[in-house]
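Keep the view open as you read.

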Amino acid sequence: FAGTVLKHRTVYNVASPKNSGGGFQNMKVVGNGVATRLLEVDSINRGTYDLFLVDCVGSAAAYFKCGVSGTDLAEACDIQRATVNLFIRQFAVGAALSCKGVVLDGSSNANVSFNEMRFVTQHYDGHAMDIISADNNIIDLSCTRPGGGTGYTVMGRGPTASHPVGCDSNIFRKISSGSGGA
């Protein structure tokens with residue numbers, strides 16, 4: 001499927017309560033070098049994600065975002081108190097399988113915050129972790145670049161008008177990075 005395989009989100013409607021709880025656990029999600037995203041979490045409170053993600057192409061294997069499109073529910077959109085444990089494997093063969101590992105994104109007044117996250121990821125021609133709008137998370141990150149490729153282990157972006165939080169006050173308990181063979 002050339003799109004997002006798993007999506008967990010709150011509908012952007014001011015009258016709707018924020019989706020709280022649930023998630024995806026103990027699953028292997030295989031993109032077969034076709035899927036452009038394997039997991040997308042959008043404005044969820046207390047979600048749990050324990051997944052093995054394999055062979056994604058596109059902008060990120062896992063994308064955590066808040067209020068990026070549709071009606072912005074402000075801080076009610078924040079992804080908070082989630083437990084995230086992702087193992088991301090890329091069987092990279094040339095640039096055809098280039099993909100970032102994880103993206104944490106938000107809007108002008110919502111972000112990814114107060115979560116406990118553990119990522120073991122491979123990235124090829126993209127960052128293992130791209131933090132655009134997230135704060136106060138506890139993160140463990142181990143990554144490799146199979147077969148070379150390019151990209152940073154962590155790309156933390158500074159505040160902008162559209163993302164005033166940027167990459168602020170995140171605690172990395174572990175950052176381990178290597179390159180070369182898978």
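Let's begin with the disulfides: counting a pair of cysteine sulfur atoms within 2.5 Å as a disulfide, the total here is zero. A disulfide is a covalent bond between the sulfur atoms of two cysteines. Take C99: the closest cysteine sulfur belongs to C56 and sits 3.8 Å from the sulfur of C99, which is too far for a bond. C99 is also buried, at 1% relative accessibility, where buried means under 20% relative accessible area, exposed means over 50%, and partly exposed lies in between (1.4 Å probe, protein chains only). C167, by contrast, is partly exposed, with a relative accessible area of 31%.

A quick word on where this comes from. This is a predicted model, in which local features need pLDDT of at least 70 and side-chain atom pairs count only at pLDDT 80 or more, while totals for chains, interfaces and linings use all residues. Residues are numbered from 1 along each chain as its sequence is written, and side-chain values use heavy atoms, with hydrogens and water left out.

Now for the secondary structure. The chain has zero helices and 16 strands; both are DSSP runs numbered from the N terminus, with helices being H or I over at least four residues and strands being E over at least two. Four strands make up an open sheet, ordered β6-β9-β12-β15, with parallel pairing; two strands pair if DSSP finds at least two bridges between them. β6 (79-80) and β15 (167-168) are the edge strands with a single partner strand each, so one side of each has no neighbour in the sheet. β15 pairs with β12 (residues 134-135) in the parallel sense, over two bridges.

Is N170 buried or exposed? At 16% relative accessibility, N170 counts as buried. Its side chain puts a polar atom 3.1 Å from the backbone oxygen of A134, and a polar contact of 3.0 Å joins the side chains of N170 and N137. (A polar contact is a pair of N or O atoms within 3.5 Å; within protein, one must be able to donate a hydrogen and the other to accept it, and residues adjacent in sequence count only if both atoms are side-chain atoms.) Setting aside residues up to four places away in sequence, N170 touches I131, A134, D135, N136, N137 and I139, with contact meaning heavy atoms within 4.5 Å.

What about aromatic rings? The structure holds two aromatic pairs. One of them is Y49 with F64, edge-to-face at 6.1 Å centre to centre and 80 degrees between the planes. The pair links distant parts of the chain, with Y49 in strand β4 (residues 48-54) and F64 in strand β5 (residues 62-65), 15 residues apart. Both Y49 and F64 are buried. As for the cut-offs, rings of Phe, Tyr and Trp (its six-membered ring) pair if their centres lie within 6.5 Å; planes under 30 degrees apart are stacked, over 60 edge-to-face, and the rest tilted.

Over at A2, we are in the segment before β1 (4-9). A2 counts as exposed at 61% relative accessibility. Leaving aside neighbours within four places in sequence, A2 is in contact with V34, A35 and T36.

Finally, zoom out: 47% of the chain's 182 residues count as buried. Among contacts between residues at least 6 apart in sequence, 72% join residues at least 24 apart.
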